[in-house]
Amino acid sequence: MNNSPITTSIFDLFKVGPGPSSSHTIGPMKAAFDFLERLRQLSESTLDNADSIQMYLYGSLSATGKGHGTDRALVAGLLGWQPESTDPAALLALLKDPAVTYPVQVGERRFQLGGEHIHFERKKYDSPYANTVVFRLVGGNSTVFEEEYYSIGGGFILRKGEETADQANRLVPYPYQTMKELKEQLKTHNLTLEELMLANEIALSGRSAKEINNRIDLILDFMHKAVRRGLRHTGTLPGSIKLRRKAPLLFQQARGLAQSSDSFLIFLNSYCLAASEENAAGGIVVTAPTSGASGVIPGLTYLAKHHFHYDKVTLRAGMWAAAAIGFLVKHNASISGAEMGCMGEIGTASAMGAAFLTYCAGKPIEAVEAAAEIGIEHHLGMTCDPIGGYVQIPCIERNAMGAVKAYNAFLLATAGTPANQKISLDAVIKVMKATGRDMSTKYKETSEAGLALSATEC
């Protein structure tokens with residue numbers, strides 16, 4: 001566990017960018033862009049000694065990077081593209097033709113970049129994180145300049161030598177590291193959860209309350225656009241699996257069964273699959289907390305808006321509750337599939353979704369904690385074993401299942417007295433971290449075990 005207070009921005013947790021993976025697509029793109037910025041600070045004499053840029057991928061980035069489009073993301077970042085403004089079609093077109101190279105302009109120098117400059121290393125590498133990429137500016141057989149980056153889940157990156165991905169140099173008015181400390185702050189200062197979270201966000205970002213609220217509304221809009229696109233788009237997803245989209249069919253089925261008791265679940269499933277299928281297709285989604293889990297929160301918030309008819313203020317409050325849970329998991333365990341397996345992604349998203357539903361319903365922080373705890377508890381040990389390295393099987397359906405579990409966690413947490421809950425959220429996050437640490441690396445985003453081995457049957 002980090003020893004400093006949580007200083008993550010809600011807009012770092014909920015990031016807009018192209019699918020299919022926050023750790024394999026958004027993170028590497030941001031790392032490559034950062035490396036480009038550092039190259040531009042080098043002297044002309046240093047640049048004159050170089051003739052190429054080489055990239056080396058290790059761990060899960062190497063094992064499943066091809067299926068996740070990591071190579072395209074690296075090229076995009078070095079071309080100066082940023083996740084939120086990237087055109088998904090243009091990103092998918094990169095590296096399609098092996099004969100095509102891409103010019104990377106650094107001052108007066110231009111380096112041609114192609115697939116041969118990206119190396120998927122399968123050997124062991126001494127690194128503190130599972131997803132590592134090393135950039136080298138090379139001249140002949142010598143390295144002129146080098147940086148090492150870690151993609152730590154949810155699109156968050158660390159550069160070697162940096163202390164933390166959080167804004168550790170910033171002070172927040174209401175510091176906390178655990179749910180226990182968060183509840184103490186709420187009680188001591190007589191604050192609602194969204195009041196505390198908003199005050200901390202203002203201190204972190206320097207934005208006004210109005211700017212922050214408008215941006216949360218925009219994040220929700222990006223989520224719901226992904227759902228709507230996914231409900232319209234039919235056909236086959238990219239990749240060798242040739243998986244057909246299912247969301248539009250489920251949506252039509254739900255509309256046809258509007259008077260049936262099953263329609264509620266079918267609608268929810270269709271919304272979650274829609275956003276998740278857009279992610280798998282490389283469309284623009286919102287990390288919640290990761291791209292691989294980007295169907296859970298969008299599906300639940302879309303349901304809350306269109307079926308429960310919650311207004312913007314209520315949805316916004318629920319997003320703060322979801323963010324609080326995401327912060328706690330990220331700070332005290334991990335949201336990375338390469339570190340925690342799928343419990344780090346879908347498990348966290350399900351807990352966040354349960355907290356969202358509970359807080360939107362006007363329940364107290366104790367009920368929010370209980371709902372989130374139940375959400376994580378019933379994802380403990382879930383493996384990350386994507387077939388072919390694509391965020392498709394079992395990832396897409398897991399988003400729908402995670403949302404259904406979130407709704408059930410909300411029901412269970414609000415059916416009794418939250419004080420009677422035997423397991424605290426802090427305790428289950430500790431268990432989550434220990435489980436991820438003990439889990440075989442074969443089951444953590446490497447496609448070396450589990451369902452991934454059934455690829456030949458697809």
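Gln 54 is buried, its relative accessible area being 13%. The model is a predicted one. This residue belongs to strand E2, which spans residues 52–59, and E2 also supplies at least two residues to the lining of the largest pocket.

**Surroundings of Gln 54**

- The side chains of Gln 54 and His 119 are joined by a polar contact of 2.7 Å.
- Beyond its neighbours within four places in sequence, Gln 54 is in contact with Glu 116, His 117, His 119, Val 134, Phe 135, Arg 136 and Val 138.

**Largest pocket**

- The largest pocket holds about 610 Å³ of space. It is lined by 24 residues, of which Gly 59, Ser 60, Lys 124, Ala 130 and Thr 441 are the closest to its centre.
- At least two lining residues come from each of E2, helix H4 (60–68), helix H14 (337–340) and helix H18 (425–438).
- The greatest contribution to the lining is that of H14, with 3 residues.
- By residue class, the lining comprises 8 nonpolar, 7 polar and 9 charged residues.

**Cysteines**

- With a disulfide taken as a pair of cysteine sulfur atoms within 2.5 Å, the count of disulfides is 0.
- Cys 342 is in no disulfide, and the nearest cysteine sulfur, that of Cys 384, is 5.6 Å away. Cys 342 counts as buried because its relative accessibility is 8%, and the threshold for burial is under 20%.
- Cys 395 is likewise in no disulfide; its nearest cysteine sulfur also belongs to Cys 384, at 6.2 Å. Cys 395 is buried, with a relative accessible area of 15%.

**Backbone geometry**

- Most peptide bonds are trans, and most residues other than glycine have a negative phi.
- Gly 19 and Pro 20 are joined by a cis peptide bond with omega of about 10°. Pro 20 lies in the loop between strand E1 (16–18) and helix H2 (22–39).
- A cis peptide bond with omega of about 5° links Ala 288 and Pro 289. Pro 289 is placed in the loop between strand E9 (284–286) and helix H12 (296–306).
- Asn 190, which is not a glycine, has a positive phi of about 55°. Its place is in the loop between helix H7 (179–189) and helix H8 (193–205), and at 69% relative accessibility Asn 190 counts as exposed.
- Glu 445 also has a positive phi, near 65°. Glu 445 is found in the segment after H18 and is buried, with a relative accessible area of 3%.

Methods: Residues are numbered from 1 along each chain as its sequence is written. This is a predicted model: local features need pLDDT of at least 70, side-chain atom pairs count only at pLDDT 80 or more; totals for chains, interfaces and linings use all residues. Side-chain values use heavy atoms; hydrogens and water are left out. Helices (H or I, at least four residues) and strands (E, at least two) are DSSP runs, numbered from the N terminus. Buried means under 20% relative accessible area, exposed over 50%, partly exposed in between (1.4 Å probe, protein chains only). A polar contact is a pair of N or O atoms within 3.5 Å; within protein, one must be able to donate a hydrogen and the other to accept it, and residues adjacent in sequence count only if both atoms are side-chain atoms. Contact means heavy atoms within 4.5 Å. On a 1 Å grid over the protein atoms alone, a cavity is a set of points where a 1.4 Å probe fits but cannot get out, and a pocket is an open set with protein on both sides within 12 Å along at least five of seven lines; lining residues have an atom within 4 Å of a point. Grid points are joined across faces, edges and corners, and a volume is the space filled by probe spheres set on the points. Ala, Val, Leu, Ile, Met, Phe, Trp, Tyr, Cys and Pro count as nonpolar, Asp, Glu, Lys and Arg as charged, and the others, Gly among them, as polar.
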